[in-house]
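Subject: Structure handover

Hello,

Here is the structure I said I would pass on. My notes on what was found in it follow below.

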Amino acid sequence: MNTPMIGINAINGIRPEELEHAVKTVAEFGFDCMEFNLSSVPLIVGGQVCPRMVEYVKEIFEKFPLKYTGHIGGGLNLRDLQEHDLHRAVLKSSIDICQMLGIDRLTLHFENASPIEREEKAFFDAHVEAADYAKDKGVLLLIENIEIEDYRKVIDMVRRVDRDNFKMTLDIGHLNLSTRYFGGDFKQAVRECAPYVRHLHMSDNTGRFEKMRLENFAMYKTLNMGVRIAFGAGDIHLPPLWGDIPTRFVIETLKEHDYSGIFLCEYENELYIPFGKDIQQEVRAAVNDVYGQ
């Protein structure tokens, strides 16, 4: 493969007028890529693309020598039967925006499976439809494992969708939490996921599952991240190599499966701005050591 690319998620809590500075910061840290959450700025209004905002973002992106990847905006729920058409429209517009911005891959969330068969069928069918639509747009769709669900359900979905442009984003922070909570072995889970992985989210944590994430998500979102980090509670998005996850094993296993995707650092980056360049260099060194660069 070519030299591995090291990326980072866009600075959290971004406002449109702050976007250029945030992208510049990512470039100055030395990252090759930046992952952009499509709900960071109002790119979609009522399910429809907002062309003026897309053009604003595009002009900023073109100023910097970065590759950009996409992350679906918050709130998308393709298991919602009451407003299913609206959620499908948001996903379709998200794919359109990726094409317009020159983004070739978009990460979607699996979340947790519904016990209601109709909801799961709607969820599955919408992703098949989206994959077929995205193919003509040159966009790879990537379904991400979440800590509140068994990773094997994500593997099963990728197999059943059975499209070349529908694969998996492996989130190792989520996997570390879910295997400890639901049962299973992290390393074995990485081995099982590896053949389907085309994108990687790298963060770290202590492996301590926060049950409130399942029991009361609205309350969970109000918890102060500083407090959560202090207690190691759940998906705390530490920088890669700062916690308990055997990150080198992950890199080695993916290399064994000819992984040539991006090593995307997805952490609470606004809390670690003074260490941004160091984190980039440490992750790059770990990846290059395994890949022989």
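A crossing of two helices is called left-handed if the near helix is turned anticlockwise from the far one by less than a right angle, and right-handed if it is turned clockwise. Helices (H or I, at least four residues) and strands (E, at least two) are DSSP runs, numbered from the N terminus.

Please keep in mind that this is a predicted model, in which local features need pLDDT of at least 70 and side-chain atom pairs count only at pLDDT 80 or more, while totals for chains, interfaces and linings use all residues. Residues are numbered from 1 along each chain as its sequence is written, and side-chain values use heavy atoms, with hydrogens and water left out.

The chain as a whole

The protein chain has 12 helices and 10 strands. Its radius of gyration (taken over C-alpha atoms) is set against a globule rule of 2.2 Å times the number of residues to the power 0.38. For 293 residues a compact globule would come to near 19 Å, and the chain agrees with that because its own value is 18 Å. Along the principal axes, the C-alpha atoms fill a box of roughly 45 × 45 × 40 Å.

Of the 293 residues, 53% are buried. Here buried means under 20% relative accessible area, exposed means over 50%, and partly exposed is in between (1.4 Å probe, protein chains only). The chain exposes about 13400 Å², and carbon and sulfur atoms supply 48% of that area. Accessible areas come from the Shrake-Rupley method with a 1.4 Å probe, and for residues only the protein chains shown count as cover.

Contact means heavy atoms within 4.5 Å. Among contacts between residues at least 6 apart in sequence, 84% join residues at least 24 apart.

For the helix pairs, axes are lines fitted to C-alpha atoms over the stretch in contact, and angles run from 0 to 180 degrees between N-to-C directions. The axes of α1 (residues 19-29) and α2 (residues 51-61) come within 10 Å and cross at roughly 30°. The crossing of α1 with α2 is right-handed. On the α1 side, Leu 19, Glu 20 and Val 23 meet Val 57, Ile 60 and Phe 61 of α2. That contact is made up of five nonpolar residues, no polar ones and one charged. In this count Ala, Val, Leu, Ile, Met, Phe, Trp, Tyr, Cys and Pro are nonpolar, Asp, Glu, Lys and Arg are charged, and the others, Gly among them, are polar.

Helix α2 also packs with α3 (residues 84-101), at an angle of about 40° and with the axes 10 Å apart. This crossing, too, is right-handed. Val 54, Val 57, Lys 58 and Phe 61 of α2 meet Ile 97, Met 100 and Leu 101 of α3. The residues of this contact are six nonpolar, no polar and one charged.

Val 54 lies in α2 and counts as buried because its relative accessible area is 2%. Leaving out residues up to four places away in sequence, Val 54 touches Leu 43, Val 49, Ile 97, Met 100 and Leu 101. Val 54 and Leu 101 are 47 residues apart in sequence, and their C-alpha atoms are 7.4 Å apart.

The buried residues are Ile 172, Gly 173, His 174, Leu 175, Asn 176, Leu 177, Ser 178 and Thr 179. Their cover includes β7 (140-144), α5, β8, α7 (186-193), β9 and α11 (247-256).

Ser 203 sits in the loop between β9 (197-202) and α8 (212-215). It is classed as buried because its relative accessibility is 1%. Beyond its neighbours within four places in sequence, the contacts of Ser 203 include Ile 172, Gly 173, Asp 235, His 237 and Glu 266.

Two residues with positive phi

Glu 111, which is not a glycine, has a positive phi near 60°. It belongs to the loop between β6 (105-109) and α4 (117-137), and at 23% relative accessibility it is partly exposed.

Asp 162 likewise has a positive phi without being glycine, near 55°. Its loop runs between α5 (151-161) and β8 (166-171), and at 59% relative accessibility Asp 162 is exposed.

Regards
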